[in-house]
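Reader: I would like to learn how to read the features of a model like this one. Please take them one at a time.

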Amino acid sequence: MLFRAELLNMSLAITSPLGTGKNNWSAFDRWGEQDGYIYLVRLDNNVVLMDKSRLTPDELKELERLLGNVKK
């Protein structure tokens, strides 16, 4: 399965064989880490999972920076 997450200053864009989605950072009210994944919980309680092993060290650092405004 081809998966791509694009970290943008104002949003998170995710592309997979199932579709494409874009969420503004303000759509997330909390996040956490478990079993090698970062999970982002949206205001509507839907969850976006990101496999940390698929991110480069620079992407992971950028994601953590962008999540700085979202409570953990």
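**Salt bridges and other features**

Author: At 27% relative accessibility, E62 counts as partly exposed, that class lying between buried (under 20% relative accessible area) and exposed (over 50%), with a 1.4 Å probe and protein chains only. This is a predicted model, where local features need pLDDT of at least 70 and side-chain atom pairs pLDDT 80 or more, while totals for chains, interfaces and linings use all residues. Residues are numbered from 1 along each chain as its sequence is written, and side-chain values use heavy atoms, without hydrogens and water.

Reader: With which residue does E62 meet in a salt bridge?

Author: A salt bridge is a side-chain nitrogen of Lys or Arg within 4 Å of a carboxyl oxygen of Asp or Glu. Here the partner of E62 is R65, at 2.7 Å from N to O. Both residues lie in helix α1 (residues 57-66), three residues apart, about one turn of the helix; helices are DSSP runs (H or I, at least four residues) and strands likewise (E, at least two), numbered from the N terminus.

Reader: How many salt bridges does the structure hold?

Author: There are four. Among them, D44 pairs with R42, with closest N and O atoms 2.7 Å apart. D44 is partly exposed at 44%, and R42 is partly exposed at 22%. Another joins D29 to R30 at 3.1 Å; D29 has 25% relative accessibility and R30 has 34%.

Reader: Which residues line the second largest pocket?

Author: On a 1 Å grid over the protein atoms alone, a pocket is an open set of points where a 1.4 Å probe fits, with protein on both sides within 12 Å along at least five of seven lines; lining residues have an atom within 4 Å of a point. In this case they are N9, M10, N24, W25, S26, R65, L66, N69 and V70. The pocket has a volume of about 150 Å³, a volume being the space filled by probe spheres set on the points, which are joined across faces, edges and corners.
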